[in-house]
Amino acid sequence: MKLLLVEDEVSVASFIRKGVESEGYEIEVAYDGLMGQRLVDQNPYDVIILDVNLPHLNGFELCAHIKRGAPRQPVLMLTALDSLADKESGFGAGADDYLVKPFEFRELILRVKALARRNSAFTGLKTVLKLADLELDTEGRRVTRAGQYIELTAREYALLEYLLVNQGRIVSRVDIAEKVWDLHFDTNTNVIDVYINYLRKKIDKNFEPKLLHTVVGMGYVLRE
C-alpha cells in the first residue's frame, strides 16, 4: 500500500512516517498544500492523508482538487480542527473520513486500511454495470438510460454505483451512509432520502420500467 501524507508539522509527519513504514507500507510526505497537489497530480496513491491548516493551499481546498480529478480516491482528513462545522467542511470537500488530533496511531492505521479495502473493492468492478437499459461505465464515469446520457453529481454517481453493484439486494439507509459516504448514520438526518429522490428523478422519472424502489421500513433496491 502506498500512502501520501500532507502535513506541515515536521514532528507529526516524522511520527506518522515511522509508524506507517513499520507496518510495511510505502509513504511519501509533502509539507505544504501545493507540494501535495503536485504529488497527487503526478502519482497514484491508495490513501491520501491531509492536514487542514497547510501553507499555500489548505487541506479542504486540496481535498476538493483531488476529488475533482479522482472522485473515488480515498482521502482521510487528519486535523486538530474538531468542531462540527470543520467536519462538515471536510466532508463537503469530499473527504471519506475525518480523524481529530491528538489520535491513537493504531486508529489511524485501522481507518487507512478500511479506506484502502473499500477502494480496492470498487476497482475490481466490471467496466460497465447494467440493469435493464440503465448502464454505468466505471471507466468513463458515464451513465445512460435507453441510450440517453444522464448527468449526475459525484455523490449521485457514487450512490448509483453502489446500488448497481448490489442490484436486486435491499440496502438500508445505514448501508448507504457507511459504504457510500463513510459516515456513521444519524437517524435524525434525511440526507439519504434526499439523494435517493435526486437519483430517482434522473434515472426513472422519464423512463419505464421504474428501477429504483423503496422497501418501506427496510431501505432501497435497484431491480426491474
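Guide: A term is needed before anything else: rings of Phe, Tyr and Trp pair if their centres lie within 6.5 Å. Also, this is a predicted model.

Visitor: Which residues form one aromatic cluster, then?
Guide: Phe15, Phe103 and Phe105 do.

Visitor: And how many aromatic pairs does that rule give?
Guide: The count comes to four aromatic pairs. One of them is tilted, because the rings of Phe15 and Phe103 have centres 6.3 Å apart and planes at 55°. That pair links distant parts of the chain: Phe15 belongs to helix α1 (residues 10–22), while Phe103 sits in the loop between β5 (97–100) and α5 (105–123), 88 residues apart.

Visitor: Phe103, buried or exposed?
Guide: Phe103 is buried, with a relative accessible area of 18%.

Visitor: What about Phe91 and Tyr98?
Guide: Phe91 and Tyr98 form a tilted aromatic pair too, 6.3 Å from centre to centre with 40° between the planes. Both Phe91 and Tyr98 are buried.

Visitor: Now the sheet. What is the order of the five strands?
Guide: The order is β2-β1-β3-β4-β5, in an open sheet with parallel pairing. β2 and β5 stand at the edges with a single partner strand each, so one side of each has no neighbour in the sheet. On average, neighbouring strands of this sheet are turned by 20° against each other, direction ignored.

Visitor: How many bridges join β1 to β2?
Guide: Five bridges join strand β1 (residues 2–6) to β2, and the two run parallel. Within that pairing, Leu5 stands opposite Val29 in β2.

Visitor: Which strands does α1 touch?
Guide: α1 packs on the sheet and touches β1, β2 and β4 (75–79). The direction of α1 makes about 170° with that of β2. Helix α3 (residues 59–69) packs on the sheet as well, touching β1, β3 (47–50) and β4. For α3, the angle is about 175° with the direction of β4.

Visitor: Where does Tyr31 lie?
Guide: Tyr31 lies in the loop between β2 (26–30) and α2 (33–42). Tyr31 is partly exposed, with a relative accessible area of 34%. Leaving out residues up to four places away in sequence, Tyr31 touches Glu7, Asp8, Val10, Ala13, Arg17 and Pro55.

Visitor: Switching to β7. Which of its side chains are buried?
Guide: Leu134 and Leu136 are buried and point to one face of strand β7 (residues 134–137).

Visitor: What pairs with β7 in the antiparallel sense over four bridges?
Guide: Strand β6 (residues 128–131) does, with Leu129 opposite Leu136 in β7. The hairpin of β6 and β7 has two residues between the strands, and Ala132 there takes a positive phi near 55°. β7 is also joined by four bridges to strand β8 (residues 142–145), again running antiparallel. In that pairing, Asp137 stands opposite Arg142 in β8.

Visitor: Which residues does Ile196 touch?
Guide: Ile176 is among them, along with Leu159, Leu163, Leu212 and Tyr220, not counting residues up to four places away in sequence. Ile196 is found in helix α8 and counts as buried, at 1% relative accessibility. Ile196 and His213 are 17 residues apart in sequence and 9.6 Å apart in space, C-alpha to C-alpha.

Visitor: Last one. Where is Asp204 found?
Guide: Asp204 is in the loop between α8 (191–203) and β10 (212–215). Asp204 counts as buried, at 2% relative accessibility, where the cut-off for buried is under 20%. Neighbours within four places in sequence aside, Asp204 is in contact with Arg145, Pro209, Lys210, Leu211 and Leu212.

Technical notes: Residues are numbered from 1 along each chain as its sequence is written. This is a predicted model: local features need pLDDT of at least 70, side-chain atom pairs count only at pLDDT 80 or more; totals for chains, interfaces and linings use all residues. Side-chain values use heavy atoms; hydrogens and water are left out. Buried means under 20% relative accessible area, exposed over 50%, partly exposed in between (1.4 Å probe, protein chains only). Contact means heavy atoms within 4.5 Å. Rings of Phe, Tyr and Trp (its six-membered ring) pair if their centres lie within 6.5 Å; planes under 30 degrees apart count as stacked, over 60 as edge-to-face and the rest as tilted. Two strands pair if DSSP finds at least two bridges between them. Axes are lines fitted to C-alpha atoms, for helices over the stretch in contact, and angles run from 0 to 180 degrees between N-to-C directions.
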